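Here's a quick briefing to read with the model open beside you.

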Amino acid sequence: MAAPGARGASLSGLLPAQTSLEYALLDAVTQQEKDELVYQYLRKVDGWERDLAVPEFPEGLEWLNTEEPLSVYKDLCGKVVVLDFFTYCCINCIHVLPDLHALERRFSDKDGLLIVGVHSAKFPNEKVLDNIKSAVLRYDITHPVVNDADASLWQELEVSCWPTLVILGPRGNMLFSLIGEGHKDKLFSYTSMALKYYKDRGQIRDGKIGIKLFKESLPPSPLLFPGKVTVDHATGRLVVADTGHHRILVIQKNGQIQYSIGGPNPGRKDGMFSESSFNSPQGVAIVNNVIYVADTENHLIRKVDLEAEKVSTVAGVGVQGTDTEGGERGEKQPISSPWDVVVGTSGSEVQRNDILWIAMAGTHQIWALLLDSGSLPKKSELKKGTCLRFAGSGNEENRNNAYPHKAGFAQPSGLSLAPEDPWSCLFVADSESSTVRSVSLKDGAVKHLVGGERDPMNLFAFGDIDGAGIDAKLQHPLGVAWDQKRDLLYVADSYNHKIKVVDPKTKVCTTLAGTGVANNAVSSFVESAFNEPGGLCVGESGRLLYVADTNNHQIKVMDLETRTVSVLPILKPGSVVVDGAFPTEKQKTVPKVPKAAPNIELTPVAVRPGQTLQLKLKLDLPPGAKLTEGVTSCWFLTAEGNEWLLQEQIPSGDIESISSQPTISLRIPADCLSLEAVISVSVFLYYCSADSSACMMKAILFRQPLHITDTQPGCGVPVELTHVF
């Protein structure tokens, strides 16, 4: 049958036929009737005189999870293919991923199905391959992904929104399109019937595609994409959402892990710590030895009782909800992708910590969970356990309004509470509008603070500009933290890789730390670098700012008084762990030196075979600092490419006192395999400030070139390894 009218290679060519199918499906009663309608539709589309052929992937595009770039008309020929047009920041795209994972579990490439993610960026930061790699890891995407940074395929097919799924037949012929989220039943129906239809005609090939998962190249890490961090002001402990490991960590100030709850695999189980599980948790809040967790991909709010060592569910039903009003008891109320939580007070004057405020990213709203009976602005008395919408219409907008239910948010992802007058508000990092907003605790009015623009429908007003109010520009901020001591608001400007500070009196927003380039460096505020920081909190009575540096898999510590940045070491009980993997026995001898650590190249020295060279450590800590008790500082010898130098040597040792540092002895072998070599000494110091309010790990690498000779005397004095931290 000839195609009706002229057809171009765009999705609009499918619209008339697919619309007719979907109307017919509404009248079908049984699954058999529905399957027959889809089968007849496929026969019709397959019989068109000219295929709606998808364009070939442009040459030169970057690919992930494949051994080599894929071709529509070579590698994908004989397959039913689902193209997923997505951008990794988009909550709707994130909601589609579980459907795609389920489809991959049901049909493999051997069955003739392949999913290809076509990453079409919204923000400039999302065009960078390394950032897409992080997203592929974070969301456990195991199918091929192509970085269509210039959106060439998007434009050729006239794709209009994220996410869009396009189902192709075995000739690269377009069969169906699904726009937006919530189409799991159609996705499964259309895909399974396409496989049946083309298998009946012998057109499906079972050949495998060369898959090479990017995640398999990564070393283990104590943290994996930590999303949020908060501080327990009663004890100084930190609570970290170790998002990529699907667990919650409670960490002492020196980095020692006190509790590890959940992980390493995703799950949804209440119970004792040893059996409980989470799925990509984000926001965390702690009060009175109880942690509340935004269990994002389970669509739940969880309660972690540190005294009983037990996890329970206090809101959500475990599947994504679409309700934008709420009002049920928490455990009966469906919710959608909660991204952050903060404990606060209802309308009463007494500070009672009776409300859990929730950034409900999935429905673009701010919700409240009543931890005790109370009231909200413009609401009557509410029972304990009630979970309901506080602000936001549910429309994805940048709309401010004196009436909270008429305001609009766009994927709110970070919350911070400023309960005191004159503020008395929630600050909101509204990521997709690239703004920071406030919600009054007195009347619910939603106001603009910085970023974005006046048009509430324009969600593309982003950038990296310091300024006041609307003249300031952010790029997908994910976190905010209120500094009650200084009346300032800190912002994790995630896609600009910066930490910014806002004065709410003047609405002036300025860069506090970060170079603006995704990197990993600790130094002064100006020279330090972050990689998509996702959360932050103020600790130590306003002296420290803790940052979840998400794509660097670290918690960074910003000292607001000395204006320096360091990395918080994450210490497993009884282990020495640096910025890298939890060590096994074998790994203990050679930890990884952080990239940002000083690397000191020493002057070459002459040595003779059989001579013992002495290397004297002379390291100085900041004034008043002392080595951390209970954590061993240490040194290690390595000789990459010249391992013969280390035979029968002592390759490592402890540093027990900064006032009496060891001298490292290196005996040069009598039989040398080379006359030129380099010996490296890596040092890891764990120390705390004079008042023990902040503890950190610092590392340094010394490289000592050796010239081995019989013709001149060897170095007779110790080589001093000197550095001031």
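Buried means under 20% relative accessible area, exposed means over 50%, and partly exposed is anything in between. With that in hand, Glu540 counts as partly exposed because its relative accessibility is 21%. Keep in mind that this is a predicted model.

**Salt bridges**

- Side chains of opposite charge can pair when their charged atoms come close.
- The structure has 25 salt bridges.
- One of them pairs Glu540 with Lys253, at 3.7 Å from N to O.
- Glu540 sits in the loop between β30 (535–539) and β31 (544–549), and Lys253 in the loop between β9 (247–251) and β10 (257–262), so this pair ties together parts that are 287 residues apart in sequence.
- Lys253 is partly exposed, with 28% relative accessibility.
- Glu397 and Arg399 also meet through their side chains, with N and O 2.9 Å apart in a salt bridge.
- Glu397 is buried at 9% relative accessible area, while Arg399 comes out as partly exposed at 29%.
- Asp421 makes a salt bridge with Lys442, and their closest N and O atoms are 3.0 Å apart.
- Asp421 belongs to the loop between β21 (412–418) and β22 (425–430) and Lys442 to the loop between β23 (435–440) and β24 (446–451), so the pair links parts 21 residues apart in sequence.
- Both ends of that pair are exposed: Asp421 has 54% relative accessibility and Lys442 has 57%.

**Lys79, a buried lysine**

- You'll find Lys79 in the loop between β1 (62–64) and β2 (80–86).
- Lys79 is buried but has no salt bridge, and the nearest side chain of opposite charge, Asp109, is 5.2 Å away.
- The backbone of Asp109 is another story: its oxygen lies 2.6 Å from a polar atom of the Lys79 side chain.
- The Lys79 side chain also reaches the backbone oxygen of Arg205, at 3.2 Å.
- Leaving out residues up to four places away in sequence, Lys79 touches several others, including Gly112, Leu168, Pro170 and Asp206.

**The largest pocket**

- The largest pocket has a volume of about 1400 Å³.
- Its lining is made up of 50 residues, and those nearest the centre are His101, Tyr139, Asp140, Asn279 and Glu297.
- α3 (91–106), α4 (129–138) and α6 (184–200) each supply at least two lining residues.
- α3 gives the most to the lining, with eleven residues.

Note on methods
Residues are numbered from 1 along each chain as its sequence is written. This is a predicted model: local features need pLDDT of at least 70, side-chain atom pairs count only at pLDDT 80 or more; totals for chains, interfaces and linings use all residues. Side-chain values use heavy atoms; hydrogens and water are left out. Helices (H or I, at least four residues) and strands (E, at least two) are DSSP runs, numbered from the N terminus. Buried means under 20% relative accessible area, exposed over 50%, partly exposed in between (1.4 Å probe, protein chains only). Lys and Arg count as positive and Asp and Glu as negative; His and the chain ends are not counted. A salt bridge is a side-chain nitrogen of Lys or Arg within 4 Å of a carboxyl oxygen of Asp or Glu. A polar contact is a pair of N or O atoms within 3.5 Å; within protein, one must be able to donate a hydrogen and the other to accept it, and residues adjacent in sequence count only if both atoms are side-chain atoms. Contact means heavy atoms within 4.5 Å. On a 1 Å grid over the protein atoms alone, a cavity is a set of points where a 1.4 Å probe fits but cannot get out, and a pocket is an open set with protein on both sides within 12 Å along at least five of seven lines; lining residues have an atom within 4 Å of a point. Grid points are joined across faces, edges and corners, and a volume is the space filled by probe spheres set on the points.
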